[in-house]
Amino acid sequence: MKLAQVILDIQTQSLDTPYTYIVPDQDDPFAGGALFSDAQLGVANNALSALANQDVPVQVGSVVLVPFGGRRALGFVIAVHQRDDCEVAQPGKLKSIIAAVAGPFFDEDGAACIQWLARTYIAPLSSCARLFVPAGGMPRLVRGRTGWRLEQPQVTPADERWVVPGEALEDFQPRKNAVKQLAVVDAVRQGSVRLAELTLEFGDVSAAVKSLAAKGVVNVETRRRYRGMEQGEPARLRAAVPQLTEGQQDALEAITQACERAEGEVVLVDGVTGSGKTEVYLRAIAAVLERGKTACVLVPEISLTPQTVARFRGRFGNTVAVLHSRMSAGERYDQWDLVNSGAARVVVGARSALFAPLRNVGLVVIDEEHEGTYKQESAPRYHVRDVAVWMMKRVGGVVVLGSATPSIESLYACAHKASWTHAVLPQRANGKKLPQVCVVDMAQEFGKGSRSMFSHQLTQALKEELSAGHKAVLLLNQRGFAKFLLCRDCGFVPECPHCSTSLTYHERGHFIMCHHCGYRVAEPPVCPQCGSPYLRKFGSGTQRVEAELQALLAGFPQPAKDALVIRMDADTTAAKGAHQKLLEQFGRADAAVLLGTQMIAKGLDFQDVTVVGVINADTQLHLPDYRAGERTYQLVQQVAGRAGRAQLPGQVFVQTYEAKSIPIRAAAAYNRAAFLDEELPKRQLLGYPPYARMANVLVWGASEEQVRVVAQALEEDVRKQVGEQAGPEWTVLPAMPCVLAKLRNTFRWHIVVKCPNDQDVSSVLEPYFRARTPHENVNVAVDVDPVSLL
């Protein structure tokens, strides 16, 4: 008897174990896609027939249709094994798989990862399994008026028809009045051509092509089309490779030795901006590929620029697949399929690319490893770094973490774990010095009578450098025209009715908008509360900075006066391809200013950027989050690295009202030790990472009272669970509203659990949350190792 372990595709923590089903024999009628009545299947026959006729075998990674209770369900096969009837308890009670309908989407290692993710992050098994499925690539069970209906995948492989030369082409001469046949023959004699292109050029040529095909003049072939890629266009390989610096050689040697030991080690490449970390990655990947293995490169979504992708394709050609959220579902499916087929051996992408179907992985690179976007915000709430370390430990691969500002956790791990190596790149690859950073005290500027958002020093630098035909980058971590509107008579601030946050004013369109849920209304002409006409705009959004920058440039001499201003934020990059177009526009210009939010702080490499300005470095500094100082330090140092990356020297101006702040001062001086000397004692005293592990129990729902009651009851239960299963060094903080207490019409509370950093917080909490009966109207989730408590 062949049995399969199946994870049901039902999103609930209570289904915490796989279910066992009988695998039908290959000669069973089910395997041939035979049709059964709706009563037998519980789903629409037409969809099941179409899927079952694909002859998909039941194997690890397959999606199968199974009976479950009084209904049907889809599930993922995570194990298949042979058992004698005598080895199975009550074999008569086991049910059979109805049909395999898709996949496989993962192998045995993927199946093990799914179970580890569910256990470690206290997440539903099905949500973990879905990480391995390409967007839109899985069939769905949908409940309709007449019962359950099986729908085919929304995204499938795309094909196109090509007209290619036939055996009789060389000697064939069409009749003179057969105009379309003449056109087709002339085109095909130049080489194979898409039927769609012939139709676009000559109109409907289907009859002519059919006639020519019947005579053997041409053949019509169906070929796989990869969306978003030019058919047959080869990547441009860059032959020349730069000579490595001493630091790069040492880092590469550390990675090479770790690969040879094959013990699942981690190498932290800690290099200043412009130190050539990417070149180290490229050399390490090349060595891994030579050994017959594959590699995965992860970068934050905002850093996944065309420049980044071009560097990898320039070295490894069309063996590189790219996966990120700005691609359409069809494009992502095709890239996933390239990897699955083995044609692509290097994957470059954002967080989810870690789960691409690479085989024989030898190296995982996580660039800008300190970025918070590597933490998933919905179930399963995994951290890419920790998952990659687990994956490579299992297969004997190597994880390479890269950053100019590594996370405190990674620095701590290098100092305390034997399997972690710290490789330092202290100098830029071109030998140039890091740009000098000037901290500008805006309070002093204000005291001297200045009311401009641009300090005197920054203004003068912009004037000089733009006049010389150079470029500048200005960072403001705030979208919109102003942060909020405020009534100067009664103090009223328009807030989102669905979230506990003020609405952001946008100059273009004159509207106010919530950047959390998308709620949007027109700018009120008077105060909605008291009717006063004195509504003042407070704060500085990118649109307002852009407007004031244009006014500033208007007073400069030529060519600075006509310098191009490019604004890059979530509004201007919303359209597909807009990110790339804006960067190309900036690169082509002579004198230009790139103004943007965090997305311009990293991943950009323009040789003629000589000025970088941080308009307000205080944006994150006073957030009620224990990482606020660390994030400010990282952001200032990262954006400073955009200046002076080539022969031209760079200048950086950090404008702040907190000029004595240690994170800002330390970043300006490139003095990590000064920052850590202040930050680490506070972390240790208050019990925050890296000295402790945490779990943030999130509680949310539409009723504020119900959320409060459930959260307080949960606090009592969690205290009891921790008291019985853990030691006195564990801490459970009281249930309280989140800092963002209301979001998208839901009220939010949380309970923070802390434990020593060498203990397993999941093993204590998981049994309780698996057994807990869910509340009808209130949701509960556990965020293990959170990167934010907001």
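Throughout these views, buried means under 20% relative accessible area, exposed means over 50%, and partly exposed is what falls in between, using a 1.4 Å probe and protein chains only. This is a predicted model, where local features need pLDDT of at least 70 and side-chain atom pairs count only at pLDDT 80 or more, while totals for chains, interfaces and linings use all residues. Residues are numbered from 1 along each chain as its sequence is written, and side-chain values use heavy atoms, with hydrogens and water left out.

**View A. Leu-582 in helix 17.** Let's start with a residue in helix 17, which spans residues 578-588 and contains Leu-582. Helices (H or I, at least four residues) and strands (E, at least two) are DSSP runs, numbered from the N terminus. Leu-582 has a relative accessible area of 14%, so this residue is buried. Its C-alpha lies 7.4 Å from that of Met-568, a residue 14 positions away in sequence.

**View B. Strand 28 and its parallel partners.** Two strands count as paired if DSSP finds at least two bridges between them. Strand 18 (residues 436-441) runs parallel to strand 28 and is joined to it by 6 bridges. Strand 27 (residues 609-614) also pairs with strand 28 in the parallel sense, over 4 bridges. Look for Gln-651 of strand 28 here: it is the bridge partner of Gln-436 and also of Val-611. From strand 27 the chain passes through helix 18 (residues 628-640) to reach strand 28, a right-handed β-α-β crossover. Right-handed means that, with the strands pointing away from the viewer, the path from the first strand over the helix to the second runs clockwise.

View C. Strand 21 and strand 22 (residues 511-513) are antiparallel and share 3 bridges. Within this pair, Tyr-505 sits opposite Ile-512 of strand 22.

View D. Phe-492 belongs to the loop between strand 20 (484-487) and strand 21. With a relative accessible area of 21%, Phe-492 is partly exposed. The C-alpha atoms of Phe-492 and Gln-529 are 6.9 Å apart, although 37 residues separate the two along the chain.

**View E. The second largest cavity.** The structure holds 5 cavities of 30 Å³ or more. On a 1 Å grid over the protein atoms alone, a cavity is a set of points where a 1.4 Å probe fits but cannot get out, and lining residues have an atom within 4 Å of a point. The lining of the second largest cavity has 5 nonpolar residues, 5 polar and no charged; Ala, Val, Leu, Ile, Met, Phe, Trp, Tyr, Cys and Pro count as nonpolar, Asp, Glu, Lys and Arg as charged, and the others, Gly among them, as polar.

**View F. Two cis peptide bonds.** Gly-103 and Pro-104 are joined by a cis peptide bond with omega of about 5°. Pro-104 is in the loop between strand 5 (99-102) and helix 3 (108-120). The bond from Gln-558 to Pro-559 is also cis, with omega near 0°, and Pro-559 lies in the loop between helix 16 (542-554) and strand 25 (564-568).

View G. Ala-262 is not a glycine, yet its phi is positive, at about 55°. Ala-262 is found in the loop between helix 8 (246-261) and strand 11 (266-271), and counts as partly exposed at 40% relative accessibility. Glu-368, too, is a residue other than glycine with a positive phi, near 50°. Its loop runs between strand 15 (361-367) and helix 12 (384-395). Is Glu-368 buried or exposed? At 8% relative accessibility, Glu-368 counts as buried.

Methods:
1 Å grid on protein atoms, 1.4 Å probe; cavity = no way out; pocket = protein on both sides within 12 Å on 5 of 7 lines; lining within 4 Å. Points joined across faces, edges and corners; volume = space filled by probe spheres on them.
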